[in-house]
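Please look over the model shown below before reading on. The numbered points that follow are meant for a colleague who is seeing it for the first time.

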Amino acid sequence: MVIEQVAAQVHRILRRTFASLCGSVDDAPPPAPPSGVGRTRAAQNIHPSDSLNAATLLFDIALTELAFDQHDPSEVARALNAAIMDEVVPASLAYVDALLERLAVAHTEERLGISRELHDRVAHGIAAGIQRVRLSRQPTSAAAGRIAEALDLLESALEETRSLALDLRHSVGDKLLDQAILDYVVDLVSEPPHVDASSEGTPRSLPAGVQEEAFIIVREAIHNARRHSRAGRITVVSNWRRDRLRISVADDGVGFERDTIRPGALGLIAAQERAELIGADLSIDSRPGAGTTVALTIARRESSA
């Protein structure tokens with residue numbers, strides 16, 4: 001499989017080089033679909049550096065053979081390099097996308113395992129502890145105040161554990177991103193603030209790694225708003241446009257001054273790093289008393305169509 005792909009790549013590269021040198025670019029063969037080559041390399045654990053080494057070797061050999069008298073060697077080199085890059089760059093991007101998808105599947109399986117442990121063992125143990133404290137609490141006891149405080153802490157821990165288990169259980173998987181967000185919102189507990197999710201435009205599939213990272217960013221934005229904003233309502237809108245996707249998480253809570261928030265607070269650093277990982281932009285707009293809006297913008301790539 002790999003040998004046949006390499007032979008086909010070399011053939012296309014040489015044909016496009018000749019077409020460029022002879023001025024017949026319209027007759028040049030198009031590059032192969034990048035996903036086929038890149039995914040094959042990823043499936044067989046062939047690192048992109050091997051492809052680059054092969055490309056360098058091809059350049060050295062072909063340049064010597066093609067630099068005949070009627071063509072300037074520099075023109076031959078430029079045409080040959082352009083033809084090689086037309087094959088190598090898209091395949092390398094597809095290779096990265098395939099690895100991100102593999103990583104997303106691994107993360108999903110790991111999250112499901114942790115979620116089950118939290119729900120079946122940790123949350124169950126906390127719930128049992130709360131029940132025993134309630135049964136043993138006596139209003140006339142001198143320790144009633146401390147027991148009540150312990151009960152509050154246990155109930156808070158139980159709520160946080162259940163919330164974490166819910167977060168871990170949800171992922172995009174085979175769904176579209178906006179559907180995964182809607183499913184997550186539907187499963188949230190009924191206590192305020194209320195969360196609404198909607199979608200505008202025509203949803204489309206994104207690379208698996210991009211979808212999973214974007215989902216985590218949006219999920220964390222919702223989680224932070226529910227915990228810290230003191231809002232009455234949180235609105236999540238996925239706006240699908242031809243050239244980009246913009247997902248906003250807006251609340252009508254207390255807001256905050258960006259300058260007064262330490263850099264690591266509210267998961268800002270982790271969210272920014274995740275956005276950079278998938279080539280997206282993350283903005284946070286907030287003012288005291290005017291709520292907060294977190295917006296994630298993902299530019300469309302040709303390979304995600």
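1. Which residues have the most contacts inside the largest nonpolar core? They are Leu 177, Ile 181, Ile 222, Val 236, Leu 296 and Ile 298, in a core of 33 residues. A nonpolar core is here a set of buried Ala, Val, Leu, Ile, Met, Phe, Trp, Tyr and Cys residues joined through side-chain atoms within 4.5 Å, and buried means under 20% relative accessible area, exposed over 50%, and partly exposed in between, with a 1.4 Å probe and protein chains only.

2. A word on the basis of these values: the model is predicted, local features need pLDDT of at least 70, side-chain atom pairs count only at pLDDT 80 or more, and totals for chains, interfaces and linings use all residues. Residues are numbered from 1 along each chain as its sequence is written, and side-chain values use heavy atoms, with hydrogens and water left out.

3. The secondary structure comes to eight helices and five strands, running from the N terminus as α-α-α-α-α-α-β-α-β-β-α-β-β. Helices (H or I, at least four residues) and strands (E, at least two) are DSSP runs, numbered from the N terminus. Of the 305 residues of the chain, 38% count as buried. Among contacts with a separation of 6 or more, 71% join residues 24 or more positions apart, a contact being heavy atoms within 4.5 Å. The chain exposes about 17600 Å², of which carbon and sulfur atoms supply 54%; this area comes from the Shrake-Rupley method with a 1.4 Å probe.

4. The five strands form an open sheet of mixed pairing, in the order β1-β2-β3-β5-β4, where two strands pair if DSSP finds at least two bridges between them. β1 (194-200) and β4 (281-286) stand at the edges with a single partner strand each, so one side of each is left without a neighbour in the sheet. From one strand to the next the twist averages 10°. β1 runs parallel to β2 (residues 233-240), with seven bridges joining the two, and Ala 197 stands opposite Val 236 in β2.

5. Helix α6 (residues 177-186) packs on this sheet, touching β1, β2 and β3 (244-251), and its direction makes about 165° with that of β2. For such angles, axes are lines fitted to C-alpha atoms, for helices over the stretch in contact, and the values run from 0 to 180 degrees between N-to-C directions.

6. Returning to the core of 33 residues, the elements giving two or more residues to it are α6, α7, β2, β3, α8 (268-277), β4 and β5 (292-299). The most comes from α7, with eight residues. Leaving aside residues up to four places away in sequence, Ile 222 touches Tyr 184, Val 185, Leu 188, Val 195, Ile 234, Val 236 and Val 249. A second, separate core has 12 residues, including Ala 55, Leu 58, Val 76 and Ala 83.

7. α7 is mostly covered, with 16 of its 21 residues buried. In the loop between α7 and β2 lies Arg 230, which is not a glycine and yet has a positive phi of about 55°. Arg 230 counts as exposed because its relative accessibility is 70%.

8. β4 is joined to β5 by six bridges, the two running antiparallel, and in their hairpin, which has five residues between the strands, Gly 289 takes a positive phi near 80°. The covered face of β4 holds Leu 282, Ile 284 and Ser 286, whereas Asp 281, Ser 283 and Asp 285 lie on the uncovered one. Ile 284 stands opposite Val 294 in β5. β5 also runs antiparallel to β3, with eight bridges, and Leu 245 has Ile 298 as its bridge partner in β5.

9. Is Thr 292 buried or exposed? At 10% relative accessibility, Thr 292 counts as buried. Thr 292 is in strand β5, where it is the bridge partner of Ser 286. The residues it touches include Val 249, Ala 250, Phe 256 and Ile 284. The C-alpha atoms of Thr 292 and Gly 253 are separated by 7.0 Å, although these residues are 39 apart along the chain.
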